[in-house]
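Take a walk through this two-chain model, one chain at a time and then across the contact between them. Keep the structure open as you read.

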Amino acid sequence: MEDKQRNLQYNRYVNSKIPKTHPWPTLFYSFIVGGLICVLGQGINDIIMVLFPYMSQASAWAITLIVLIFLASFLTGLGIYDQIGKFAGGGSIVPITGFSNSIASPSIEFKSEGIIYGICVKMFTIAGPVIVFGTVSSVLVGFIYWIIGMF
Amino acid sequence: MDIFLTYLIVFLVGGLVCMIGEVLIITTNITSARILVTFEMLGVLLQAVGVYEYISDFAKAGVNVPIIGFGASLAKGAIGAVKTNGFLGIFTGGLAATAGGIAAAIFFAFIFALIFKSHTKK
């Protein structure tokens, strides 16, 4: 009983200390920043299609994503991307640049712990689940289509 | 005029997807890893049931740049590889289709981690 009371009190204390963000501005900024990142991606894709007209759509998109990933990890290295993330919230997490940032940011931050245990281990703290879930679900989808294909 | 409309749609759809992510963050306090996984799984699901192509034809980068597109190409790769390679495709398809993105993210993160110093978070 006393534990419960203490937990409640602690939760109240934690809640009072969590930095409060006003939802409306972050919603607005996440919309603007997220939209702009997508527009940037469309721009890169259109430029690739103009430069290499015979390239397939799928390859052009793959290169577009690689360029965006490069830009995001570079900006993360400069410390700019995390600044954007502070006010853009979901706008900087949901695009593929957020995935790139989630790999680059911890690897730079934990560099001081060494290359193996710092960079290589910590780079997957957020990307790990994304890759695991992605791999598992793609195998499941492949398996289902394989079964369907047999009939 | 056509290209302007395309970019407007990309901006609106992309912005909306990201805003939905932000709504999830505000209302449920979920971490960014869960946000990424949630949207990725949404992409896998949309591709698996076969509606992603239509959405992507309409919104282009608006859904391809958010991690939904990453999930969709995982599923698309798996489906395509099963059709051409059969059983082996189940395991090779997904990662093969997204290898570019994963390799780029790991490579650039590693290189920039060696080059740049950590910016302490205030």
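In chain A, 57% of the contacts between residues at least 6 apart in sequence join residues at least 24 apart. These values come from a predicted model. The prediction scores ipTM 0.93 and pTM 0.90. For chain B, the mean pLDDT is 92, and 96% of the residues reach 70 or more.

Start with the architecture of chain A. It has 8 helices and 0 strands. Its pattern along the sequence is α-α-α-α-α-α-α-α. The radius of gyration of chain A is 21 Å, while the globule rule gives 15 Å for 151 residues, so the chain is more spread out than a compact globule. The C-alpha trace of chain A spans about 70 × 45 × 40 Å along its principal axes. Of the 151 residues in chain A, 42% are buried.

Tyr10(A) gives a view from helix 1 of chain A, which covers residues 2-17. Is Tyr10(A) buried or exposed? It counts as exposed, because it has 10 C-beta neighbours inside 10 Å. Now look from Tyr10(A) to Ala104(A). They sit 94 residues apart along the chain, and their C-alpha atoms are separated by 34 Å.

Next, move to helix 8 of chain A. This helix runs over residues 124-149 and has 26 residues. From first C-alpha to last it reaches 35 Å, close to the 38 Å expected at 1.5 Å a residue. Its buried residues include Ile126(A), Ala127(A), Val130(A), Ile131(A) and Gly134(A). Further along helix 8, Val141(A), Gly142(A), Tyr145(A) and Trp146(A) are among the buried residues as well. An α-helix has 3.6 residues a turn, so residues three or four places apart point the same way. What do the buried residues of helix 8 of chain A pack against? Within chain A, the partner is helix 6 (96-109). From chain B come helix 2 (32-48), helix 5 (67-85) and helix 6 (87-115).

Now turn to chain B itself. It has 6 helices and 0 strands, in the order α-α-α-α-α-α. Its C-alpha atoms fill a box of roughly 50 × 40 × 35 Å along the principal axes. Buried residues make up 51% of the 122 residues in chain B. Among contacts in chain B between residues at least 6 apart in sequence, 60% join residues at least 24 apart.

How do the two chains meet? In the contact, 66 residues of chain B touch 63 residues of chain A. On the chain B side, the elements that give two or more residues are helix 1 (2-28), helix 2, helix 4 (61-64), helix 5 and helix 6. Helix 6 of chain B gives the most, with 20 residues. By type, the chain B side divides into 45 nonpolar, 16 polar and 5 charged residues.

Val65(B) shows the contact at the level of one residue. It lies in the loop between helix 4 and helix 5 of chain B. Val65(B) counts as buried because it has 34 C-beta neighbours inside 10 Å. Beyond residues up to four places away in sequence, Val65(B) touches Ile37(A), Cys38(A), Gly41(A), Leu68(A), Pro95(A), Ile96(A) and Gly14(B). Gly14(B) is 51 residues from Val65(B) along the chain, yet their C-alpha atoms are separated by 7.8 Å.

The largest nonpolar core has 73 residues. Ile69(A), Phe99(A), Leu36(B), Ala105(B) and Ala109(B) touch the most other members. Helix 5 of chain B gives the most to this core, with 10 residues. Leaving aside neighbours within four places in sequence, it is in contact with Ala127(A) and Val130(A), and with Leu36(B), Ile67(B), Phe70(B) and Ala105(B).

Finish with two loop residues of chain B. Asn29(B) lies between helix 1 and helix 2. It is not a glycine, but has a positive phi of about 60 degrees. Asn29(B) counts as exposed because it has 9 C-beta neighbours inside 10 Å. Lys60(B) is found in the loop between helix 3 (52-59) and helix 4. Its phi is also positive, near 45 degrees. Lys60(B) counts as buried because it has 24 C-beta neighbours inside 10 Å.

Notes:
Residues numbered from 1 in each chain as written. Chains lettered and ligands numbered in written order. Predicted model: local features only at pLDDT ≥ 70, side-chain atom pairs only at ≥ 80, totals over all residues. pLDDT = per-residue confidence, 0-100. Helix = DSSP H or I, 4+ residues; strand = E, 2+ residues; numbered from the N terminus. Rg over C-alpha atoms; globule rule 2.2 N^0.38 Å. Buried ≥ 20, exposed ≤ 12 C-beta atoms within 10 Å, placed from the backbone. Contact = placed C-beta atoms within 7 Å. Expected span 1.5 Å × (residues − 1). Nonpolar A, V, L, I, M, F, W, Y, C, P; charged D, E, K, R; others polar. Core = buried A, V, L, I, M, F, W, Y, C linked by C-beta atoms within 7 Å.
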